[in-house]
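User: Could you take a close look at the surroundings of the ligand in this model? I would like to know what lies around it and how the neighbouring parts are built.

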Amino acid sequence: MRRLVEHALRAVFPSSAGIPGLDRLDFGARLDEVRRGPPMLRLGLYAATVLFVLLPVWTVFTPLPSFWLSPARLELHANRLAGSRIYLLRQIMLLLKTVGGLLWGADPEVRQALGLSPLGPDPGTFRGDQSRAPAGASAGAS
Amino acid sequence: MASAARDWRQHGHIAFQAGDAVALEADYVVVGSGPGGSGAALILARAGFDVCVVEAGPWRDPADYPSSMLGAMRDMMPDWGATVAVGDSIMPIVQAAVVGGGTVINSAIMVRTPADVLVDWRERHGLGDLFDERAMGDQHDAVDRELAVQRTPEGTAFGANNAMLIEALQRRQLDGNAILRNVQGCQGSGACLQGCRSGAKQSTNLAWLPEVIDRGGTVISCARVDRVIIERGAALGIRGRFRHPRSRALGATVDVRARRGVVIAASAVQTPLILQRSGLRLPALGRHWRVHPGAAIVGVYDQPVDMMRGATQGAASVHFRGGIGLRDGKTYAETGENGIKIESLSLPLELLAGRAAGAGHALIERLADARHQAVWISAVRAEAEGTCRLGLFGQPNVRYKPTQRDLRALRAGSHLLAALHFESGARVVRPGVFGLPAEITPDQLHLLADGPLDNRSWTWVLSHLFGGAVMGKDPQRSVVAPDLHVRGVRRLHVACAAALPTSLGVNPQHTILAVARILAERLANGA
Ligand SMILES: Cc1cc2nc3c(=O)[nH]c(=O)nc-3n(C[C@H](O)[C@H](O)[C@H](O)COP(=O)(O)OP(=O)(O)OC[C@H]3O[C@@H](n4cnc5c(N)ncnc54)[C@H](O)[C@@H]3O)c2cc1C
Ligand code: SF4
């Protein structure tokens, strides 16, 4: 499933006009982070991916999974889903765009290409966390 | 008290515990530590009571805050921000789950409760003079002093996105101002949503909860309250359970006995659910749930705007709070229609992607000019009411559908913002509305004026939430009686946005803080 998700996200965020896309970036670690997220998010992402892979028959009238489409048809497929009259399909693309955007927009190479400063760390620490340097107090105490 | 907890409590803070049950006793238990919970806890602690705040999220300090939006969703929001309201469309609900609640991730905008709201609460909701202008004004004054509420000075920290909106409003002689914010020394990092890593924002985890601890109180973090223990019509305490913020592993159970009372302040989404899980069956519980749904309009300029620099939200207008109309391509203030509030908003690149139209190369093209984009939003004082109930698996089941009048207000507001962008020199505007072109030019503005009145065509976001356990005189319509007790349960109170009987048409945190402090003062005075 992970490979299918990667495929869908790469199709939505391809390299374009000198700006690196998810096809050129290593986003595995951040994607794994998302996959470790709450079950509802994971399920939604998987469902969106499965539909993305299966629907070329409906969007571009090609009875193939999306990973066998030519780049041009894949682009058309992704855009037809994004602009579909069917609200649920648009929502599916919104989910893929949102997750992809979190990975793509945080990437230092992308930010450099767009002239934006790189992001700082995401320590994920909190008071009482054993992995956090305790500032003077024993771990867990405030 | 169990042994592990005894050690932790010496420091005034108990974080995740895997082992023994943690059992404490306090005068008051406060559930949730957003503006409502922190405001109530502070006043009770100052009055000399032993207060225990129980918060589902972890306690993060500025050095712990994330920089990316993925980090913000993971570390600061319940279920990574996956809560939604469902009607005929799906609308994301943005909230915090961290010590300090919404004050940690919000834009620090402080707006006093409008006088008409207080009159409405008195006259239509029967709250007497509990929250009259003087009582609320006194609290607003005190909060302004304590949280260093001030205007972000214009200059580099203010940011072009904010300055451009003010200029655009003034050009039309619409009132528009630099926003009052509870921020001291804003550096204009445009990152309020991720928490302020420089510590400039006076969120309650920094400004107030340390004082609660200094006064002998306790904060229990990473502990989700399951229910209030109610016996013979009185609230005796709470029961909850630790959950590890990273692994999500369940930990020890948490029992806190309340000698004097329990104050629920877990937000307009979670407070009704806690009351439902506690066995309350009041007709108004989970009802009268309201929001200010908002949508963004993006202007694209020839010159860089660099909205990622500057105060996240620095400019606003309440000119159309009383109502907005749109006729023959012109917007005008109109009473009798639903109102809007206009604000600037610095959207991080990561979130712009979800907002831009299309996919593939077309999408990347619309993100490539991120530095040239300015984002302005309109938030509707919507009339629609929804419900918030326990879902099948214990999750919030929020049903909400804006009305046609709400949609008309949003459309009028969006049209106005697009016009303001063009008058400010935008090359194109990206309305983000399904059924309209991805980009419109000035001669296509009429398309937005005639835009679809269908929820599913708009990308709404819900971050100002109200109701679900509202105060009022009418037992059929309210959960909290005018004596500020939850109906039918002694010693049980609500001190968050859930208790507000109406929406406000302005940003809520100042009102929530003031209401919570008034409630706490009454409790301290023996009410
Ligand atoms: C991104 C964003 C920007 C905003 N900007 C502004 C702004 O600039 N100005 C403004 O006025 N308003 C703003 N708001 C709205 C404002 O932050 C909220 O209205 C306000 O925080 C609500 O306060 P509250 O006390 O009702 O709940 P919250 O702030 O949501 O706090 C509730 C707390 O209770 C905890 N909790 C929930 N369930 C449980 C449980 N079962 N057990 C224990 N704890 C629990 C939660 O983890 C949370 O910390 C913004 C909101 C968002 C999301
Ligand atoms: S804009 Fe940046 S520095 Fe200013 S309050 Fe927000 S996070 Fe802090």
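**Around ligand 1**

Analyst: Let us start with one contact: an oxygen atom of ligand 1 has a backbone N or O atom of B:A108 at 3.2 Å, a polar contact, meaning a pair of N or O atoms within 3.5 Å (within protein, one must be able to donate a hydrogen and the other to accept it, and residues adjacent in sequence count only if both atoms are side-chain atoms). Please keep in mind that this is a predicted model, where local features need pLDDT of at least 70 and side-chain atom pairs count only at pLDDT 80 or more, while totals for chains, interfaces and linings use all residues. Residues are numbered from 1 along each chain as its sequence is written, chains are lettered from A and ligands numbered from 1 in the order in which they are written, and side-chain values use heavy atoms, with hydrogens and water left out.

A polar backbone atom of B:V225, in turn, is 2.8 Å from a nitrogen atom of the ligand. On its own, ligand 1 has 990 Å² of accessible area, and the protein covers 94% of this (Shrake-Rupley method with a 1.4 Å probe; for residues, only the protein chains shown count as cover).

The shell contributors with two or more residues each are helix 2 (35-46), helix 4 (102-105), strand 10 (223-231), helix 10 (267-277) and helix 15 (509-524) of chain B. Here helices (H or I, at least four residues) and strands (E, at least two) are DSSP runs, numbered from the N terminus. Helix 10 of chain B gives the largest share, four residues. There are 38 residues around ligand 1, and those that come nearest are B:E55, B:G102, B:I109, B:V225 and B:Q509; being near takes a heavy atom within 4 Å. By type, the shell holds 21 nonpolar, 14 polar and three charged residues. In this count Ala, Val, Leu, Ile, Met, Phe, Trp, Tyr, Cys and Pro are nonpolar, Asp, Glu, Lys and Arg are charged, and the others, Gly among them, are polar.

Contact means heavy atoms within 4.5 Å, and axes are lines fitted to C-alpha atoms (for helices over the stretch in contact), with angles from 0 to 180 degrees between N-to-C directions.

Strand 20 and strand 21 of chain B pair in the antiparallel sense over four bridges; pairing requires that DSSP finds at least two bridges between two strands. B:R389 has B:N397 of strand 21 of chain B opposite. The two strands form a hairpin with five residues between them, and B:G394 in the turn has a positive phi of about 90°.

Both strands belong to an open sheet of four strands in chain B, with the order 5-4-21-20 and mixed pairing. Its edges are strand 5 (90-92) and strand 20 (387-390) of chain B, each pairing on one side only. Neighbouring strands of this sheet are turned by 30° against each other on average, direction ignored. At the other end of the order, strand 4 (residues 84-86) and strand 5 of chain B are antiparallel, with three bridges. There, B:V86 has B:I90 as its bridge partner in strand 5 of chain B.
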